[in-house]
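Please examine the model shown below before reading on. The report that follows treats selected parts of it in turn.

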Amino acid sequence: MTSWARRRTPLLGPFGVRVLLWLLVELWILNVADLLLTRYSLAQGFATESNGVMDYFFRSGTVPTVGFKIGMVTLGTLLLWRLRRYRTALFAGILLTGVFAAVVAYQALWVLSF
Amino acid sequence: MPEPLTRDGAPPVPPRVAAPLGANAETARHTSEARAALFAALVLLVGIALGAAGFFVERGMSTWRPEITRTASGWRIAQAHRVPLSAMALGGDSLVWGSGPSIIAMDLRSGRLKLLGPGPASRATWDPATSRRYVVWFEAQGASAGEASAWVYDSATRRRRQLATLDSVLSLPSASGNLAAWCCTTKGEGAPSIVTVDIATGEESVVAPEYGEPVLDGGLVTWPTRTGATGMPAAWALVDLAQGRRWSLVPAATLLNAHFLGYDLSGRTLVWGQIDPASGRGRVVAQNVDDGAASVVAEVTDGAALSSAPAIDGALVVWAETLANAGGSRVMGRRLSGGPAFLVRAVEASVLSTAVSGDTVAWLAQRGKTTFIETTTVSR
């Protein structure tokens, strides 16, 4: 890689790579939790899926839903892991994990409050 | 003569051998791993904190959550925001009411609240009805929407589900046991029908192809017919669902020119209330739907006024009276099995409606701009 390219896409050190690995593991687990909580809320009749794509899969059945949701996030985490040399991958991991954690925490409290 | 070790005579360079991993290197690797895990956990915690904060901010801004306090004999649920409480219903261990478009149920054993509706796609609801197990209500995108849907909440499974789709809502729902009844126009037809719906299966049956505001109890459906200017029905239509029999009942012991306040049904007994606006005189009457025998449950005179329609469950009839000095109201009860009327509770407010289920009595009252619901248990 040229020095110009290095300046544009800073590389990630070994510590950053380890953080990214942990974040991707968390992201994958949070995705499963999101799926379970959404499924539970829909089954209770207290929520509707606002994501049109996921709504289509939820209407199609459990297997397509699980396959799509787990598959997409698994592909995404593998892609980020493949790009682990770049610092941008770590930023993406931090952002995605933080947002997913917020969504799952909100959903869990919402379910518990009923 | 020994040979030189190197051709050019330079001293030999020892081969580079990597230093063996010592305890320090291993510790450093573990520390780095732990720090990475800690950083990732921190990201997780920040996300969780943001999600929880969003949840509690949203909950704090919600207008349906009232102030709940346990009293010596029941509960007090007071309006905590600008939206008044309304449409109270009592069934088994559930107290249900409306607050704006929200339908809220409270478990009378624990005081736990549950927001039943409206769903995310709806903005309007109508007064709910409750049986011991189910709560039934209507939802629509707007109060003037062409299409509404009937929803049910099952307290046994804690699930809410859509029960039916209605073209136009013509009455409030009524629920008893596993049945619900209402009047609506169905899709494609347009003529009003009084229907019953099996809540468990969703199976719909037409009771009568006509307009009416039905009340259901057990296997009996009734609705007023041919109401006059005072609102007092000239007759009640009655349908026994088990026997498939329909008949009419002419109200007895009525007050002349008195306004009709409303009615309720339990078993084979119909109760209703009337008030004469000129004299303030009020009357609560119970009438057997089979033989038509009527009895006056209460005469409200001497400046006091009947302020709400009576409610009945089993042999217990309850109603509310406004006191002569206008300083408050009293919720009264009387058992049809015998005995005089008794005071359930004196209330320093205007009682808007009463409800009874088993030995639990509830009333919705208003003082100033604040509405509240109170419950109590009456002794057998």
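In this predicted model, the domain assignment divides chain B into domain 1, residues 81-218, and domain 2, residues 252-367. The centres of these two domains of chain B, taken over C-alpha atoms, are 25 Å apart. Where the domains touch, domain 1 of chain B contributes eleven residues and domain 2 of chain B contributes eleven residues. On the side of domain 1 of chain B that touches domain 2 of chain B, strand 3 (85-91) and strand 17 (215-217) of chain B each supply at least two residues. Strand 3 of chain B gives the most to that side, with five residues. By class, the residues on this side of domain 1 of chain B are seven nonpolar, three polar and one charged.

**Backbone features of chain B**

Most residues other than glycine have a negative phi, and most peptide bonds are trans. A87(B), in strand 3 of chain B, has a positive phi near 50° although it is a residue other than glycine. R158(B), in the loop between strand 10 (148-154) and strand 11 (159-166) of chain B, has a positive phi near 60° and is likewise a residue other than glycine. The table sets out the surroundings of these residues.

| Residue | C-beta neighbours within 10 Å | Class |
|---|---|---|
| R158(B) | 12 | exposed |

A residue counts as exposed if 12 or fewer other C-beta atoms lie within 10 Å of its own, so R158(B), with 12, is exposed. The peptide bond between G117(B) and P118(B) is cis, with omega about 0°. P118(B) is placed in the loop between strand 6 (113-117) and strand 7 (124-125) of chain B.

**Contact between the chains**

The contact between chain A and chain B takes 25 residues from chain A and 23 residues from chain B. Helix 2 and helix 5 (87-112) of chain A are the elements that give two or more residues to the side of chain A that touches chain B. Helix 5 of chain A gives the most, with 13 residues. By class, this side of chain A has 18 nonpolar, five polar and two charged residues.

From chain B, G51(B) lies in helix 1 (residues 23-61). Because 23 other C-beta atoms lie within 10 Å, G51(B) is buried. G51(B) touches residues of chain A, including A101(A), V104(A) and Y106(A). G51(B) and A253(B) are 202 residues apart in sequence and 62 Å apart in space, C-alpha to C-alpha.

**Helices of chain A**

Which residues of helix 2 of chain A are buried? Among them are G16(A), R18(A), W22(A), E26(A), N31(A) and T38(A). At 1.5 Å a residue, the 31 residues of helix 2 of chain A should span 45 Å, and its end C-alpha atoms are 45 Å apart, which agrees. Just after helix 2 of chain A, G45(A) has a positive phi of about 80°.

Two packed helices are described by the angle between their axes and the distance between the axes. Helix 2 (residues 14-44) and helix 4 (residues 62-82) of chain A pack at about 170°, with their axes 10 Å apart. Angles over 145 degrees count as roughly antiparallel, so helix 2 and helix 4 of chain A are roughly antiparallel to each other. Their contact has ten nonpolar, three polar and one charged residues. Helix 2 of chain A takes part through residues including L20(A), W28(A) and L35(A), and helix 4 of chain A through residues including V66(A), K69(A) and W81(A).

Terms used
Residues are numbered from 1 along each chain as its sequence is written. Chains are lettered from A and ligands numbered from 1 in the order in which they are written. This is a predicted model: local features need pLDDT of at least 70, side-chain atom pairs count only at pLDDT 80 or more; totals for chains, interfaces and linings use all residues. Helices (H or I, at least four residues) and strands (E, at least two) are DSSP runs, numbered from the N terminus. A residue is buried if 20 or more other C-beta atoms lie within 10 Å of its own, exposed if 12 or fewer, and partly exposed in between; C-beta atoms are placed from the backbone. Two residues are in contact if their C-beta atoms, placed from the backbone, lie within 7 Å. Axes are lines fitted to C-alpha atoms, for helices over the stretch in contact, and angles run from 0 to 180 degrees between N-to-C directions. Angles under 35 degrees count as roughly parallel, over 145 as roughly antiparallel, 65 to 115 as roughly perpendicular and the rest as oblique. Ala, Val, Leu, Ile, Met, Phe, Trp, Tyr, Cys and Pro count as nonpolar, Asp, Glu, Lys and Arg as charged, and the others, Gly among them, as polar. Domain bounds come from an automatic or database domain assignment. The expected span of a helix is 1.5 Å times one less than its number of residues. Lists of a residue's contacts leave out its neighbours within four places in sequence.
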